[in-house]
8 protein chains.
Amino acid sequence: MANPLVALVMGSDSDLPTVREATNVLRTFGVPFEVRVLSAHRSPDELVAFIKKAEQQGVRVFIAAAGGAAHLGGVVAAHTTKPVIGIPIQTSSLNGLDSLLSMVQMPGGVPVATMAIGVGGARNAGLFAIEILALSDTSLAEKLHRQRAEQLEHVKQKDQKVQAEFAKQ
Amino acid sequence: MANPLVALVMGSDSDLPTVREATNVLRTFGVPFEVRVLSAHRSPDELVAFIKKAEQQGVRVFIAAAGGAAHLGGVVAAHTTKPVIGIPIQTSSLNGLDSLLSMVQMPGGVPVATMAIGVGGARNAGLFAIEILALSDTSLAEKLHRQRAEQLEHVKQKDQKVQAEFAKQ
Amino acid sequence: MANPLVALVMGSDSDLPTVREATNVLRTFGVPFEVRVLSAHRSPDELVAFIKKAEQQGVRVFIAAAGGAAHLGGVVAAHTTKPVIGIPIQTSSLNGLDSLLSMVQMPGGVPVATMAIGVGGARNAGLFAIEILALSDTSLAEKLHRQRAEQLEHVKQKDQKVQAEFAKQ
Amino acid sequence: MANPLVALVMGSDSDLPTVREATNVLRTFGVPFEVRVLSAHRSPDELVAFIKKAEQQGVRVFIAAAGGAAHLGGVVAAHTTKPVIGIPIQTSSLNGLDSLLSMVQMPGGVPVATMAIGVGGARNAGLFAIEILALSDTSLAEKLHRQRAEQLEHVKQKDQKVQAEFAKQ
Amino acid sequence: MANPLVALVMGSDSDLPTVREATNVLRTFGVPFEVRVLSAHRSPDELVAFIKKAEQQGVRVFIAAAGGAAHLGGVVAAHTTKPVIGIPIQTSSLNGLDSLLSMVQMPGGVPVATMAIGVGGARNAGLFAIEILALSDTSLAEKLHRQRAEQLEHVKQKDQKVQAEFAKQ
Amino acid sequence: MANPLVALVMGSDSDLPTVREATNVLRTFGVPFEVRVLSAHRSPDELVAFIKKAEQQGVRVFIAAAGGAAHLGGVVAAHTTKPVIGIPIQTSSLNGLDSLLSMVQMPGGVPVATMAIGVGGARNAGLFAIEILALSDTSLAEKLHRQRAEQLEHVKQKDQKVQAEFAKQ
Amino acid sequence: MANPLVALVMGSDSDLPTVREATNVLRTFGVPFEVRVLSAHRSPDELVAFIKKAEQQGVRVFIAAAGGAAHLGGVVAAHTTKPVIGIPIQTSSLNGLDSLLSMVQMPGGVPVATMAIGVGGARNAGLFAIEILALSDTSLAEKLHRQRAEQLEHVKQKDQKVQAEFAKQ
Amino acid sequence: MANPLVALVMGSDSDLPTVREATNVLRTFGVPFEVRVLSAHRSPDELVAFIKKAEQQGVRVFIAAAGGAAHLGGVVAAHTTKPVIGIPIQTSSLNGLDSLLSMVQMPGGVPVATMAIGVGGARNAGLFAIEILALSDTSLAEKLHRQRAEQLEHVKQKDQKVQAEFAKQ
């Protein structure tokens, strides 16, 4: 694989099923990425070391996924001025409202761009990273337009299927 | 002013005091921007026309501020593949929780990068736009490092002031 | 089928099981309707085109079902002055509180009449559309009275069954 | 005044400042209406008597405003098959979330069309009543189009003012 | 059975599994009761007729169970000055928070004594009814003391079992 | 004053303005009561001693007012089988939602009859205590009917005033 | 077993699966502890007697687990000046938000150190008790460092596994 | 001042009015402490350096106060095995619910002992630190008993004042 342009960090490997939605998007678009399990609380030095190294090696966008008291995005953002995108993981007790508020309510000065709770948010994290990269990569920009067109086509097909079902009745 | 690189759209001019936090950041960094009052509900055609025109004229990042059933970010994102940043406006009844959920809970396929509720979020929207632009503008990247350094200096001064206060006691 | 008087729009075909509660009501009352999958975010132009066409072809009431950042009702209402009824879809993360607030908290000027989250709300969306149409259709008004009477009869039967159960004890 | 087409009921005269937003809209559109203070809890018989009488005298739409355990809309809807629109009043303790949930979460069978919490919701309640009446009153329908056009004009003026402000800087 | 002293009303027979927790308590204490399915929205006249008849026939305490926009307790309380106890039913979308707020946030003047959401609340509704009746029935008062003593004994046994489990380790 | 029939306990004297709504009701009805500041956390032994003494001296109903982690009602209920009514005090941070949940969510076995947050709830706590006492005091029962009639009259006057205001326009 | 240094109290034996996370931690660290089922509402005198006895017999830290209106922590804290740690149990209706607010929102003067809802919180309650004990026990302090190191190692292994998975693709 | 035993860290000097409640408690008890403004996001390296240095210089307990996405407590806890106490600062938008959830919902392995939102929580943070230190300092333990006794006396005085007020009436 080429040098990663996107680094995806998750606080626990239990977040991987959600994060995979983001990596699937990046792979579909052919964007090189790396995936790491690094915890703001359990491996904080490794996390900081990684952020610095990743930035030096050309990572342009960070994606951080965490649940509960979800500090990962904020800690990443504290150590880089590259764009940081946050994925709040759905939790069993508070359904991810805790993850969402822990991520999105960042104080002025250090932004974390927060997506929706769970897999939809993870997919959008991947797409948003590509929207950023596409600003200086016309091939990616074209692929984004194609993805939107396919998405539109997909909705249209569903629309026709539903129309057909009700026409029969 | 040069061609705007960032377009800030708000749903109502009552959102301006919050949005100004974002424009102040952009001005400080010397990033050309434009500010518009365009409503997803009350001027929807003008909004769509603007998004398309803005994109053609070189806008690279959109910032959308709205409150309550805050659809503005989602509607902007539906019409562009440029990065869209959302500022949830604080509301009188539900304190902005409605604005936040209306923005951040976007379905997979059309991302809106959501910031904190209110002025802190607006400031971060400006900074995040700059983080994106800085990926292909080393001068902006340097300014970002300087802003972080100044921010650090500011915290250090506050820290010394507080230490001094308690040392005296 | 006759020209549809009610248009039901959903943001995703995954909302169909909920929406069907509304279509069942309309069918029971013999009100012609059409059902479409049109997304405020993924097929926005098709959505706007449909609203305008539907209104021209005689649709008198719109029903919009969406979940999460549920902008569909607001976007429909932005493009028509016909009554728009919203069904907030239950979501996996926030149970539909996000859908509810995204729909009901519309700013002054563009109303969306919001029903309860989920299937109960969908059934009521159908009934509310009929209540509107019944204002100028005495046959529908009579059917509404009959439905209320049947509903009352149904509760009375349940009441007798429960009374009988406890009388035996 | 002509026979009222819309009946506005509030649970307490302390709700009047909010309800006035709805009556202002109705007056602007020239729709005859009546306003009553009738409580689901403190004057329940008077409330039921009024609903029946109002319906007989030609009221076509009910608007109910209440706060806290806001049962008024549900009780009105239980006694009529005319459309009932609910305005959740903002409360001091829970900011109107209690009013909103008490209104919008109606069980299947008896719909209450719920608007936003507070004055924005009250204004929309008035507009939504007019949207219903306009289905069989072309003059009202035209006025609605004009109102939307004026609303659009108003947003455009605000937009120009904001553009002008930032152009100067 | 003797003349009922407690009347339990539920809005839907789907609430019966919860309500049964209350009837079990009443039966254990030998308090005569009746159970009815009466809806504030679907059988409002029957509900009011029942409240008045029940009061005449000697019912001293009402228990009302309802979910969602749970108006039943408030409507019962509007038609009687006997104590009304509310059981908020757990709901699928908002977990019973809607039921709770719809019941407990009654305006000053017409109280509904609200219990916890779901079966624990139903059990306590039964016990609270007995606490009220026991004020003028020493036999019931003694049974209440015995129930508390048995409850204490039950906790002590669980305590010993848990202590034993950990002693072995 | 005669021997108190109702004991009102509050966790802090800062709750007095709310509690006074309940004492005003009791005084109006001529029910003897006592008011104490006793904290489940700061004077727990005094609290328990008081509950036992109060019960021996003829107190028939307890009213407990507390805010935040509002344990007072539960602790009172743990030491008596007399009816305990809870008033959740409005708090500055979470507006009384914490007080409400801490009171109402009592486990099965030890009920606390919870009223609305704040002054409305306090007024209803007083009224509910009287509804209980009125079961064995016909004079109180009559006063309750009179209070309801006056309340009705009060709503009717407000209704006429509002009708008059709108008739003039 | 040696004299217990930590006393774990739970309001119901149904809380045991959660509490076991805490006892497992204490056992791993070799800290003697005792586990009791004592309810603030159903065995209040036994609870108070235990707290006093436990403190006399050398218990240095209390851990209290409870759900719903979770008063246990507050009642324990009212009777001891030893540190009290609270575990909010996840509940079926409100997911533990009720337990959390009932525990954490203690008034000034009587602290309860609250952990996360459910098993994660229980594990941390055990660890936090050890952090306190380790202040005067260097062997425990060393074990804590070792636990952190193992935890770090565990995260690193997960990290390598995830890296390997993505390297293969 | 002697070597600090407690280190209080806040994310912003705007948190000082809340934190002062904690320092007042520590000063009253004669516990040496230091107060720092160190941000998890704006001065992360300084924060980590301070934690390590403080621990070496004998700090035994950390108190962290932060608002919004309140990561400070978690970051401190990630770098020390000393007890960390969290004070969630009240925020303007979500009233501190965001701060609370960001602090209390820590994942298993790295505990943060969370207090109530705002000044009450700050006071308790100070007291809880003293409860910890008192385990190995009998003079502090005695002061704690005295503080509890004074607190009891204070409540008793308020109780007498309130009793006197109502006796007069």
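Me: What should I know about the model before we start?
Reply: The model is predicted, with local features needing pLDDT of at least 70 and side-chain atom pairs counting only at pLDDT 80 or more, while totals for chains, interfaces and linings use all residues. Residues are numbered from 1 along each chain as its sequence is written, chains are lettered from A and ligands numbered from 1 in the order in which they are written, and side-chain values use heavy atoms, with hydrogens and water left out.

Me: How many residues do chain A and chain B bring to their contact?
Reply: Chain A gives 40 residues and chain B gives 39 residues. Contact means heavy atoms within 4.5 Å.

Me: And how much area do the two chains bury between them?
Reply: About 3,300 Å² is buried between chain A and chain B, with 59% of it on carbon and sulfur atoms. Buried area is the accessible area (1.4 Å probe) that two parts lose on being put together, summed over both.

Me: Which residues of chain A lose the most area to chain B?
Reply: They are T81(A), P111(A) and L135(A), and together they account for 21% of what that side buries.

Me: How many salt bridges and polar contacts cross this interface?
Reply: The rule finds zero salt bridges between chain A and chain B; a salt bridge is a side-chain nitrogen of Lys or Arg within 4 Å of a carboxyl oxygen of Asp or Glu. It does find 20 residue pairs in polar contact, both residues at pLDDT 80 or more. A polar contact is a pair of N or O atoms within 3.5 Å; within protein, one must be able to donate a hydrogen and the other to accept it, and residues adjacent in sequence count only if both atoms are side-chain atoms.

Me: Which element gives the largest share of chain A's side?
Reply: That is α5(A), with seven residues on the side that touches chain B. Helices (H or I, at least four residues) and strands (E, at least two) are DSSP runs, numbered from the N terminus.

Me: How much of the contact surface recurs?
Reply: Of the contact residues of chain A, 98% recur in chain B, and the same surface serves both copies.

Me: How far apart are chain A and chain D?
Reply: Chain A and chain D do not touch, and their nearest C-alpha atoms are 17 Å apart.
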